[in-house]
Amino acid sequence: YLQKARRLLDAEGVQGRVSPQELREARRRLAEASRRLEQAQEQAWEDDRRKLAGQVKDLEEKLFVSERERSKLAVEFWEMKRRVEASLALVERIGVDNKRDMARDQLNSDFCCPITREVFVDPVLCADGHTYERRAILKWFRHGSPTSPMTGDALASFALIPNRTLRAAIASAGPLLGERSTRM
């Protein structure tokens, strides 16, 4: 806009229609307007430069803090990863141990007398169809109980048949049984 005004003032046609004093005044105003425009531009550039410098400083501070934080977070991350891996290994080990214990408990419960809750030494089959430790069922009968310890029903017979199959299974399972008594 100012350049266009300057061209118009410098044009020959304007010089003949305007008095030299008006022309000088217009040029003076144009120069003043140009000077104020340059000052305004310089001020705007300086404001922008200050604003940008402040933003750069903020970003540098954030970057510095985040670099510090990044280092701290990296240490925390690796420590947490180590703890998680250790926990997973422990969970896996516990899971394996629990499965082993559950299998052992199942074997123990299958190989245990329902009266004594101990692993059979001399398993015998009773008339109720259940297997008991010989000394435990004989003690049951000696105390005058003619009923099944499992069902409470009267027994048709007091005959006891050795359960050799169960005894052989207990012998082959030996180390898997662990303790001689169950945790029932």
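**Overview of the chain**

Among contacts in the protein chain between residues at least 6 apart in sequence, 47% join residues at least 24 apart; contact here means heavy atoms within 4.5 Å. The model is predicted, with local features requiring pLDDT of at least 70 and side-chain atom pairs counting only at pLDDT 80 or more, while totals for chains, interfaces and linings use all residues. Residues are numbered from 1 along each chain as its sequence is written, and side-chain values use heavy atoms, with hydrogens and water left out.

**Composition and surface**

- The protein chain has five helices and three strands; helices (H or I, at least four residues) and strands (E, at least two) are DSSP runs numbered from the N terminus.
- Along the sequence, these elements follow the pattern α-α-α-β-β-α-β-α.
- Of the 184 residues of the protein chain, 16% count as buried. Buried means under 20% relative accessible area, exposed means over 50%, and partly exposed lies in between (1.4 Å probe, protein chains only).
- The protein chain exposes about 14,300 Å², of which carbon and sulfur atoms supply 57%. Accessible areas come from the Shrake-Rupley method with a 1.4 Å probe, and for residues only the protein chains shown count as cover.

**The sheet and the helix across it**

- Three strands form an open sheet in the order E2-E1-E3, with antiparallel pairing. Two strands pair if DSSP finds at least two bridges between them.
- Strands E2 and E3 are the edge strands, each pairing on one side only.
- Strands of a sheet pair through backbone hydrogen bonds, either parallel or antiparallel.
- Strand E1 (residues 123-125) runs antiparallel to E3 and is joined to E3 by two bridges. Val124 has Pro162 as its bridge partner in E3.
- Helix H4 lies across E1, E2 and E3 and runs at about 90° to E2. For such angles, axes are lines fitted to C-alpha atoms, for helices over the stretch in contact, and the angles run from 0 to 180 degrees between N-to-C directions.

**Residues in the strands**

- Thr131 is located in strand E2 (residues 131-133) and is buried, at a relative accessible area of 17%.
- The side chains of Thr131 and Asn163 make a polar contact (3.0 Å). A polar contact is a pair of N or O atoms within 3.5 Å; within protein, one must be able to donate a hydrogen and the other to accept it, and residues adjacent in sequence count only if both atoms are side-chain atoms.
- Apart from neighbours within four places in sequence, Thr131 has contacts that include Pro114, Phe120, Leu125 and Leu166.
- Leu125 belongs to strand E1 and is partly exposed, at 30% relative accessible area.
- Not counting residues up to four places away in sequence, Leu125 touches His130, Thr131, Ala159, Leu160 and Ile161.
- Leu125 and Leu166 are 41 residues apart in sequence, and their C-alpha atoms are 10.0 Å apart in space.
- Pro162 lies in strand E3 and is partly exposed, with a relative accessible area of 34%.
- Leaving aside neighbours within four places in sequence, Pro162 is in contact with Pro123, Val124 and Arg134.
- Pro162 and Tyr132 are 30 residues apart in sequence and 9.8 Å apart in space, C-alpha to C-alpha.

**The aromatic pair**

- The structure holds one aromatic pair, formed by Phe141 and Phe158 in an edge-to-face arrangement, with 4.9 Å centre to centre and 80° between the planes.
- Phe141 lies in helix H4 (residues 134-142) and Phe158 in the loop between H4 and strand E3 (161-162), so the pair ties together parts that are 17 residues apart in sequence.
- Rings of Phe, Tyr and Trp (its six-membered ring) pair if their centres lie within 6.5 Å; planes under 30 degrees apart count as stacked, over 60 as edge-to-face and the rest as tilted.
- Phe141 counts as buried, at 16% relative accessibility, whereas Phe158 counts as partly exposed, at 48%.

**A loop residue with positive phi**

- Arg117 is placed in the loop between helix H3 (20-110) and E1, and is partly exposed, with a relative accessible area of 44%.
- The phi of Arg117 is near 60°, a positive value in a residue other than glycine.
- Most residues other than glycine have a negative phi.
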